[in-house]
Each structure stands twice: as structure tokens, then as C-alpha cells.
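Trainee: Could you take a close look at one spot in this model with me? I'd like to see how a single residue sits within the whole.

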Amino acid sequence: MSLKSALNERIAPRNLLQHPFYQAWEAGELPLEALQAYAREYGAFIAQMPLGWETLNDAETAEEEREHAALWSDFAAGLDTAVGSAQMPAVAKLVSQSQDWFRQPEQALGALYAFEVQQPATAKSKLEGLKTHYDLPASVEPYFEEHSHNEHEAEKLLARMQGLSAEQQANALDAAEGMSQALWDALSDIYETHCEM
């Protein structure tokens with residue numbers, strides 16, 4: 001099995017497009033408070049992204065991620081909220097685990113890959129949902145517009161992983177699987193708190 005296939009096999013069971021939170025978003029069924037909680041809480045995770053790229057000595061992408069975090073702040077502001085520290089247990093765990101993964105190169109590669117490989121599809125879905133179903137300021141859209149096309153971060157990360165030893169690749173695979181689960185659990189926390197009432 002190729003490394004790409006092995007990574008995707010680890011990620012597929014937690015395909016974020018299949019999560020009830022994102023499906024409700026695309027269908028326009030999320031209450032405003034769920035979107036606000038997502039913007040506020042998940043933004044604490046988005047703010048960690050530069051750390052992973054810095055660990056990989058990719059200063060250019062790290063700077064892009066800082067710019068993207070600013071776009072996320074605009075998304076939150078358009079929902080009349082602001083990014084804060086994660087308060088919900090599963091989101092706080094996602095932030096904490098990401099910080100740990102992002103400090104070790106092979107783990108950073110796997111964890112970032114699990115997020116980046118899914119991002120174009122999830123961003124496109126969320127953007128379409130926002131435009132179709134929600135009467136919100138235009139400032140909520142740029143983050144998702146920016147990420148709705150493939151900027152090849154996943155391919156860059158895969159190429160780096162292919163140069164690792166078998167043991168390092170195993171660590172990257174474990175981190176990819178762990179990140180997939182942590183992302184899923186964070187969305188579940190928000191969904192169960194704000195949507196299943």
C-alpha cells in the first residue's frame with residue numbers, strides 16, 4: 001500500500017464532510033448560536049496552524065496560516081462573536097493535542113495532512129451553505145473562499161513524509177489518525193451542545 005493510501009485509510013472513517021455538523025451547515029439547518037460557537041471555539045485550533053509549519057521550517061506557509069487566522073477572526077466578527085480560548089472539552093483537547101503534534105516534525109506532517117487534505121472540500125461545502133442559507137455579512141466568507149480550492153499543502157506534506165524512515169512514517173500515520181479523530185470529536189462537541197436540543 002502506498003503512503004498516500006495508508007494515510008487516506010486512516011482518515012476516511014472520520015471524513016468531516018460526513019459529520020452531522022457540516023451536513024447541517026450545508027443544509028442551512030445550523031442555528032446561529034452553533035455557528036457562533038464554532039467560530040469562537042474552533043478558531044483556537046486554527047490559531048495553532050502556524051506552529052506546525054514553523055516546526056517543518058516552512059516560514060512562508062506559516063505566515064500564510066497567520067493571515068488565514070486573521071480571516072477566521074473576520075468570520076467570527078461577522079457572527080458577532082470573537083475567537084477565544086477553547087472552552088468545550090473536545091475542542092480544548094483538539095487544541096492541546098495539536099500543540100503536541102505540531103512540535104514534532106513527523107507528527108506535524110501527519111496531523112497537518114489530515115486537516116489539509118480535507119480542507120478544500122469542507123471549505124467549499126461551508127461556503128456554499130453560508131451563501132445559500134444564511135443572511136450574514138460578506139466578511140464571513142473570505143476564509144472559506146480562500147480554502148475552497150486546493151493550494152497543494154497536502155501534496156507538499158505527503159512529499160515530505162515520503163522521505164521519512166519507516167518508523168517516522170508510522171508516527172506520521174498515527175498523528176494523521178489522531179488528528180482526524182480529534183477534529184471529529186470537536187465538531188461533535190459543538191453539535192451535541194448547540195444542535196441536539
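What share of the 197 residues in the protein do buried residues make up, and where is the place of S98?

Mentor: Happy to. Keep in mind that this is a predicted model. On your opening point, buried residues come to 50% of the 197 residues in the protein. S98 belongs to that group: its relative accessibility is 0%, so it counts as buried, the cut-off being under 20%. You'll find S98 in helix 6, which covers residues 89-101. Now look at what touches it. Skip the neighbours within four places in sequence, and S98 is in contact with F45 and M179.

Now zoom out from S98.

What about the overall dimensions? The C-alpha trace spans about 50 × 30 × 30 Å along its principal axes. The radius of gyration is 16 Å, which agrees with the value near 16 Å for a compact globule, because that is what the rule gives with 197 residues.

The accessible surface comes to about 8,900 Å², with 46% of it belonging to carbon and sulfur atoms. Side chains in the protein include 12 positive and 32 negative ones, and the centres of these two sets lie 4 Å apart.

How values were computed
Residues are numbered from 1 along each chain as its sequence is written. This is a predicted model: local features need pLDDT of at least 70, side-chain atom pairs count only at pLDDT 80 or more; totals for chains, interfaces and linings use all residues. Side-chain values use heavy atoms; hydrogens and water are left out. Helices (H or I, at least four residues) and strands (E, at least two) are DSSP runs, numbered from the N terminus. Buried means under 20% relative accessible area, exposed over 50%, partly exposed in between (1.4 Å probe, protein chains only). Contact means heavy atoms within 4.5 Å. The radius of gyration is taken over C-alpha atoms; the globule rule is 2.2 Å times the number of residues to the power 0.38. Accessible areas come from the Shrake-Rupley method with a 1.4 Å probe; for residues, only the protein chains shown count as cover. Lys and Arg count as positive and Asp and Glu as negative; His and the chain ends are not counted. The place of a charge is taken as NZ of Lys, CZ of Arg, CG of Asp or CD of Glu.
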